[in-house]
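Colleague: I am new to this structure and would like to learn how to read the place where two chains meet. Could we go through it step by step?

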Amino acid sequence: MLNVEKIRADFDVLNPESPAKAPVYLDSACMSLKPRQVVEAMNDYYANYPACAGRSSHKLGDKVTKKVKKARELVTEFINAKSDDEIIFTRNTTEGINLLANSLGLQKGDIVLISDKEHNSNLVPWLRLRDKIGIVVRICPTNEDGTFNLDNFSQLVSGAKLVSVVHTSNLDGVTNPAKEIIKIAHQAGALVALDAAQSIPHKKVDVRDLDVDFLAFSGHKMLGPTGTGVFYGKLELLEKLSPFLVGGDTVESTSYDSYKMLPAPEKFEAGLQDYAGIIGLGEAVKYLSQFDFKYIAEHEFKLNAYITNELQKIPKIKIIGPEDPKLRSGIVNFYIDGTDMHKFAVMLDEMAGIEIRSGRHCVHSWFENKKIYNSARVSLYLYNMMEDAETFITNLKKILEIL
Amino acid sequence: MPCIVALIVFGIMGIFSASHRALAEEAFGCVFKRITFRPCNTGFAEKIKGKILSKLLVRSAFLAKMVNRHYEILSWIFFILMVGSTIWVGRGVYNFYVYGSCNGLNESGFCAFDPSGENNKVTSVGDDSSCGITQQSEQNVTLENINLSGFPAINTGSKDTVVFVGCYACDYSRRAYPDIKKLVENKKSNYIFAHYPAKGDTMFLGEAGYCVQKEYPEKFWEFNDYLFTADKDYVLNKSNLDEILSKFGFDVKKISDCANSAETKTAVQDQTTELKKTNLYGTPTIFINGKAFVGPKPYRVYRSAINKFIFF
Ligand SMILES: Cc1ncc(COP(=O)(O)O)c(C=O)c1O
């Protein structure tokens, strides 16, 4: 069981001086809140040792180097990677996927298979490569309820060089059967990249158990600092990738007409890094690791089940994805036919400080295809209480009464 | 359309509050298409509607429902009112600039820029002479068919003509006098001065002025300036007149003989009668190229009246 009250005490934003002003924050899929421990770790860097890592051999520099190393180790352990060298710090999931797209050396005609529910971050880089060098982007249709269709996948995977799919969807919260996908893909000779932006914060992701080749996620959706992320790759694959950002910190030595690249991960981390962010991310990993993901999932499910149940009583509301909240992790994304859902978000915020997201959630392609204008999304995390869910439902009903 | 309304409303509110300034900025973007209606961003109109409805909803669900139902019509009504009041405000600002009163030339109704009505205060002309705001019905104050030939004048032949009808005893005339002097100096316009005894016993000064102009025309303006700018109580005290006259080096006897003569009395009386024909209702009344400005206006008002294009 999670002690939500105790968890909430770590988040300053949830504890303003006047408790009535505490936000009902239901937008963690976009950006999670950050516990004090993370903020303090970052501040500590800025206040006490704001120096370079790796390069400088003075005391402050040493301290940064050690802290960054520690953060890398924490991430390695967190996702059960084989080696710290497999962990590349990025700014976000998007950067990780771009890194892959630009480093993998795909050629004209190479097939990249993605699903029909990808975040723009796992769609646009591939479409771009299609336009630039002529790769083929193949789309694997999911089932009507948003769940993954392994049959479709098995057929479409043949001939693919790379499968790049979302692990847990930010659209409907559905978690794709990564292990099966990877197994099938590997059998077909394809590499697999997972967009783990929404899965990492909510469930145990074990890269070795999954046998995934590449994995990208963001720190800011898992209690970490904003603008931090991780790109994981199997070391033997990373060695073959050719980095697309090069310069300082990526090379062992240079002459006027040559350079010798460092091994991974350095060769991918060009220039000075966001050390405060990396250290903060390490702290977030530490923070999250004190909980058993099983309890986080249980907690999210409890709230999701309540919201789902209440929404299902309102005939005009349609929930995107499967009906069963168990299949939707912490996400309830809903819409009303022919209605711009932005006003719900605006009104909920105005009325009771309830913060949800409205729009197309960067999955425009799916909305275009389904001819749905937009939707309103509630996304839950470990610091949400049952009261948050109740406040949301009460106010939503009030709005529905007048609209 | 809602963007424009919002831009104006928030633009004005933004002068006073930072949060409205941010909304004004958004409205600005909305007007100029920076925030277009995209499914991933809240449209500005939608946002405003949501904000309004939720404010109402926490008070009365019924009201919120009604507003939601008739939102389009309400926003049109609001828009029209908005445009109307904007024009009204614009007109007020223009009037205030050009006439010194939001409501138009010589209108003494309430004006936010001149809350105490200073620019329209006059000493009223009539039996009950007192200084203060005098609300006048539409009056046709005019110089038409008025013979001004007997009054002191300078810069004759200039294309612009300024006629100052004022009273030595009245504070409002005294306030306007230096501005008119400055105006005439700057614009080299034809300037005619007419004393009108609106308040108290100033007839004797009018007569003295008449005689100074007759005997020492080159010194008249200096003398007149003095009467308007020196201490009022001193000037208005009859017993000080001789001292004043001698200060200017005038022949005191000559002037007082002249002033006491029946001919002067008639002439001055005739002048007052002539001035009454202008239908003036208070002093100062300043005619600039025939247009009457009643009450002491800010200098820019007089200047704008002479300028061809308000500012130059
Ligand atoms: C499934 C998924 N992929 C990718 C991203 C992009 O993450 P970021 O913006 O941190 O790069 C998101 C963020 O919303 C996401 O939900």
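Colleague: How much area do chain B and chain A bury between them, and what share of it is on carbon and sulfur atoms?

Modeller: Please keep in mind that this is a predicted model. The size of an interface is often given as the accessible area lost when the parts come together. Here chain B and chain A bury about 1600 Å² between them, and 64% of that area is on carbon and sulfur atoms. In terms of residues, 20 from chain B are in contact with 21 from chain A.

Colleague: How many salt bridges does the rule find across the interface of chain B and chain A?

Modeller: A salt bridge is counted when a side-chain nitrogen of Lys or Arg lies within 4 Å of a carboxyl oxygen of Asp or Glu. By that rule there are three across the interface of chain B and chain A, and the side chains of Lys51(B) and Glu350(A) meet in a salt bridge with an N to O distance of 2.9 Å.

Colleague: Which helix supplies the largest share of the side of chain B that touches chain A?

Modeller: On that side of chain B, α3 (44-57) and α4 (61-69) each supply at least two residues, while the largest share, eight residues, comes from α3(B). Sorted by class, the side of chain B that touches chain A has eight nonpolar, six polar and six charged residues.

Colleague: What does the UniProt annotation cover in chain B?

Modeller: The unreviewed UniProt entry annotates residues 73-90 of chain B as "transmembrane region". In the model, that stretch of chain B is 100% helix and 0% strand, with its end C-alpha atoms 25 Å apart.

Definitions and conventions:
Residues numbered from 1 in each chain as written. Chains lettered and ligands numbered in written order. Predicted model: local features only at pLDDT ≥ 70, side-chain atom pairs only at ≥ 80, totals over all residues. Heavy atoms only, no water. Contact = heavy atoms within 4.5 Å. Buried area = accessible area lost by both parts, 1.4 Å probe. Helix = DSSP H or I, 4+ residues; strand = E, 2+ residues; numbered from the N terminus. Nonpolar A, V, L, I, M, F, W, Y, C, P; charged D, E, K, R; others polar. UniProt positions renumbered as here; feature names shortened; annotations may be inferred.
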